Each structure stands twice: as C-alpha cells, then as structure tokens.
Amino acid sequence: MTESEFNGKRVNFIKLEAFGFLKSGKAYTYRTDIADGEMNLTVSVSSDGKLKTSVTDSETDDKYTLYLNDKAQGEFVGTVREAVDTVTSEIIAECFDTVMFSEDLSGAVSAYAREKYSSELEFLWKKTPDAAILRRSDSGKWYAVFMKISKRKLGFNTDELVEVLDLHAVPDEIGKYVDGEKYFPGYHMNKKYWYTVCLDGSVTAEEIFEKLDRSYDLAKK
C-alpha cells in the first residue's frame with residue numbers, strides 16, 4: 001500500500017464522484033482491474049486528501065505488495081507497477097485541483113466550506129487564476145470570493161501582495177465591520193453588500209468562519 005500527500009494539489013471530492021469513486025464514511029474508494037484482469041487495484045482517498053493504493057489477486061484476494069518494492073524486478077511486477085502509476089496519475093490529473101493559495105488561513109477557510117457546505121472552489125477567470133469563488137449549490141449564488149491583491153488597493157502604503165476574502169453582508173453590518181484595519185470595503189464587489197478581510201492572520205479563523213456562515217445564509221434563494 002502506498003500513501004502520498006501531493007504538494008500543490010488538493011482533492012476535489014465532487015470530481016472524485018464523477019470519476020467513479022464511491023463514498024464510504026469520510027473516505028472515497030475506486031476499484032478497477034489491472035494486469036489483464038489478473039489483479040484488482042483499489043484506490044482510496046481520505047477526507048484530508050491522502051491517496052492510498054492496494055493491489056490484490058483477482059482469484060485469491062491475496063494482497064500483492066511487490067510493486068511497492070523499487071528493487072523488485074520482473075515483467076509482471078513491472079506491469080503492475082506501471083498500471084498503478086497510470087491509474088493514480090489519471091486520478092490526480094482529473095480529481096485534484098492545483099492549490100492557488102499559500103496562506104494557511106485560506107486553506108482553512110476553503111476546507112471549512114467544503115466540510116460544512118460541500119462547496120468546492122471554482123476558478124472562473126483565466127486571466128486571474130489565483131481568484132476563486134464559493135457558491136451555494138441550491139441558489140447558485142456566490143457567498144465568498146478569494147483573491148490575491150496588492151495591499152495598496154486596500155489603502156496600505158505598500159505593494160505587498162495579500163490573500164483576501166470577500167464576504168456578503170447587509171449594509172448595516174458592513175458599516176459596523178469596516179474599520180480599515182481588519183475589514184475593508186468590498187474589493188471588486190458591490191461595497192454596499194460585500195466587504196473584504198485579509199487572510200494574513202489579522203482576523204482569526206473562528207471569526208472568519210462565523211462570518212462565512214452569515215454570508216452563506218444571505219446567499220439563499
């Protein structure tokens with residue numbers, strides 16, 4: 001059995017299901033025949049994005065592990081190893097998205113949305129590949145926008161880039177939130193209904209989660 005965490009990649013569970021994975025608890029499992037049907041390959045992906053493979057004999061159901069030993073030689077083990085690599089490479093290409101964000105808080109927010117609302121990041125703009133949105137599945141409305149912008153655009157005297165999150169709120173709430181230090185008028189959005197928060201640690205994850213929930217509620221039908 002092999003286990004890998006793919007740097008720069010994050011699993012997209014919606015794409016896993018479309019590929020043919022079946023959900024079992026918090027894990028997803030995909031099975032296919034390899035080596036002309038002589039062996040069965042099982043690929044599982046855990047809730048935290050770890051991928052594992054397991055190979056068994058089709059007739060006896062005994063585990064086959066020689067393909068994990070790089071020193072093991074021979075035509076058959078080479079065939080199995082190549083088949084496992086081919087399938088897992090296809091899964092990574094089809095079901096794992098490139099991570100566009102570097103801040104831990106950005107990843108925490110997107111993971112929270114995935115876990116609570118089954119929302120996946122959508123990268124809509126080719127010209128701004130580091131921008132993404134979250135939307136409700138029932139109404140189709142956006143409730144969060146991730147971007148990477150210059151701090152100068154928020155009023156700071158620096159061109160340092162920062163990852164930000166635009167969230168939805170009612171005008172009275174926005175008037176209370178925006179302080180020019182932690183919360184700012186909505187960047188690239190209607191400032192009457194959106195505000196911006198920096199994902200640099202100036203606001204705690206718990207506070208952002210709470211406001212993300214509020215934004216989600218406001219995006220209902």
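This is a predicted model: local features need pLDDT of at least 70, side-chain atom pairs count only at pLDDT 80 or more; totals for chains, interfaces and linings use all residues.
**Entry 1: E94.** I started with E94, which sits in helix α2. I looked up how open E94 is, and its relative accessibility comes out at 47%. Buried means under 20% and exposed means over 50%, so E94 at 47% counts as partly exposed. Leaving out residues up to four places away in sequence, E94 touches K15 and F19. I also checked E94 against K220: they are 126 residues apart in sequence, and their C-alpha atoms are 30 Å apart in space.

**Entry 2: K221.** Next I went to the segment after α5, where K221 lies. Is K221 buried or exposed? K221 is exposed, because its relative accessible area is 76% and the cut-off for exposed is over 50%. K221 still has contacts: with residues up to four places away in sequence left out, it touches D138, S139 and K141.

**Entry 3: helix α5.** Then I checked the length of α5, which runs over residues 205-218. Its 14 residues should span 20 Å at 1.5 Å a residue, and the end C-alpha atoms are 20 Å apart, so the two agree. I listed the buried residues of α5 too: A205, I208, F209, K211, L212, D213, S215 and Y216. What covers them? The cover includes the helices α3 (104-117) and α4 (171-177). It also includes the strands β9 (142-150), β10 (161-168), β11 (183-185) and β12 (194-198).

**Entry 4: helix α3.** I did the length check again on α3. This helix has 14 residues and reaches 20 Å from its first C-alpha to its last, close to the 20 Å expected. In α3 I found L105, S106, G107, V109, S110, Y112, A113, R114 and Y117 buried. Covering these buried residues are, among others, β2 (9-11), α1 (13-19) and β8 (132-135). The list for α3 also has β9, β10 and α5.

Entry 5: Most residues other than glycine have a negative phi. I wrote down two that go the other way. S118 has a positive phi of about 55° although it is not a glycine. It comes just after α3, in the loop between α3 and β8. S118 counts as exposed, because its relative accessibility is 57%. The other one is D61, with a positive phi near 65°. D61 has its place in the loop between β6 (51-57) and α2 (75-95). D61 counts as exposed as well, at 55% relative accessibility.

**Entry 6: cysteines.** How many disulfides are there? The count comes to zero, where a disulfide needs two cysteine sulfur atoms within 2.5 Å. I looked at C95 and C198 anyway. C95 is buried, because its relative accessible area is 1%. C198 counts as buried too, with 2% relative accessibility.

Entry 7: Last stop was the second largest pocket, with a volume of about 200 Å³. It is lined by 13 residues, and the closest to its centre are T128, A131, M147, Y187 and H188. Which classes make up the lining of this pocket? I noted eight nonpolar, two polar and three charged residues.

Definitions and conventions:
Residues are numbered from 1 along each chain as its sequence is written. Side-chain values use heavy atoms; hydrogens and water are left out. On a 1 Å grid over the protein atoms alone, a cavity is a set of points where a 1.4 Å probe fits but cannot get out, and a pocket is an open set with protein on both sides within 12 Å along at least five of seven lines; lining residues have an atom within 4 Å of a point. Grid points are joined across faces, edges and corners, and a volume is the space filled by probe spheres set on the points. Ala, Val, Leu, Ile, Met, Phe, Trp, Tyr, Cys and Pro count as nonpolar, Asp, Glu, Lys and Arg as charged, and the others, Gly among them, as polar. Helices (H or I, at least four residues) and strands (E, at least two) are DSSP runs, numbered from the N terminus. The expected span of a helix is 1.5 Å times one less than its number of residues. Buried means under 20% relative accessible area, exposed over 50%, partly exposed in between (1.4 Å probe, protein chains only). Contact means heavy atoms within 4.5 Å.
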